[in-house]
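Biologist: I would like to learn how to read helix packing and ring pairs in a model. Please take me through them.

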Amino acid sequence: MTQPIPMVEIWRGDLLESQHLGHAVVCDTSGNVVEAWGDDEKVIYPRSSCKMLQALPLIESGAADAFGLTTEQLALSCASHKGAAIHTDRVQVWLDTLGLQISDFRCGPQKPSDKDAHEALIRAGKQPCQIHNNCSGKHSGFLTLNKHLGAGPDYVEVDHPVQRVARAAFEEMTGETAEFYGIDGCSAPNFSTTVSGLARAMARMAKPSGSDARAKASTRLVDAMRTHPDLVAGEGGACTELMRAMDGKVAIKTGAEAVYVAILPEQGLGMALKIVDGGTRAAEAAIAGLLVKYGVLDANHPMAKKRLHGPITNRNGLITGQMRLSPGFIQL
């Protein structure tokens, strides 16, 4: 099958009102496709779902240890955070440790999606800056690697040493040569892969073979995410809530335009999915469904129900509809 399949349905009363189509793949550590829906060879941009791959050179190069990075900082290097104080305070300390300034970031300013942080800025009469950018943890990792390499300041340029090693790690883990690259929301290049390539990379992070630098780096990043789910997204974020619901057994990560990945260390599996219309609600429902299907998420857990079913309410608080997984995708 080369076309996307219906994955998530939106019902209002007895009428199917909307439908989200997508592609999904589950791979094992050998790179074999265990199960697939839609087109497993669909080429996509993984967006922020691949931050763990972009962070591999941070550890492999020795930069993380040279600067004494903690598990919290490693988790932040993989994060798309909400700009809450627990995120920005740690990023500021990291920047201070490097002896760098906020102006050294090459990501742009971003309004915090954390309500308390946003309101605190308003009360203080301040504007958000780069440290509030949801990718400031990833960029702190880039800056750390850049300082370790002694390279130039424009670390987001595609031919910069930081991005060259990030691309190499990405292509080695996916097992594919990136056909395209685009500029992400944080100004860093984002390299293309197939959905199966992305799932393959996640499986390789789930249960790395050998004891080389790549295997050790993969394990450290996945463990950091599972240990600090609050830093990977933040309160109310699906990554944080679902990782908590699974008691730290699984690492998951979202990307813009409805990409989602999961790393299942105990099962030695990697998952990747893409909703073709870019709908976040559908990507969250689809990844929750896959996690339930593979026995790592309890379908009755409140955070699973929240993503799988909604419910959809109106401004008066009345339940007006619900989400459902399409029966041709997953039946729970």
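This is a predicted model: local features need pLDDT of at least 70, side-chain atom pairs count only at pLDDT 80 or more; totals for chains, interfaces and linings use all residues.

Biologist: At what angle do the axes of helix 8 and helix 9 cross?

Modeller: Two packed helices are described by the angle and the distance between their axes. Here the axes of helix 8 (residues 161–174) and helix 9 (residues 195–206) cross at roughly 95° and come within 7 Å. Helices are DSSP runs of H or I, at least four residues, and strands are runs of E, at least two, numbered from the N terminus. Axes are lines fitted to C-alpha atoms, for helices over the stretch in contact, with angles from 0 to 180 degrees between N-to-C directions. The two helices are therefore roughly perpendicular (65 to 115 degrees).

Biologist: How are the rings of Y181 and F191 arranged?

Modeller: A pair of aromatic rings is described by the distance of the centres and the angle of the planes. For Y181 and F191 the centres are 6.1 Å apart and the planes at 50°, so the pair is tilted. Rings of Phe, Tyr and Trp (its six-membered ring) pair if their centres lie within 6.5 Å; planes under 30 degrees apart are stacked, over 60 edge-to-face, the rest tilted. Y181 belongs to strand 5 (residues 181–183) and F191 to strand 6 (residues 189–191).

Biologist: Is F191 buried or exposed?

Modeller: F191 is buried, at 5% relative accessible area, whereas Y181 is partly exposed, at 40%. Buried means under 20%, exposed over 50%, partly exposed in between (1.4 Å probe, protein chains only). Ring pairs also link F170 with Y181 and F191 into a cluster.

Note on methods. Residues are numbered from 1 along each chain as its sequence is written. Side-chain values use heavy atoms; hydrogens and water are left out. Angles under 35 degrees count as roughly parallel, over 145 as roughly antiparallel, 65 to 115 as roughly perpendicular and the rest as oblique.
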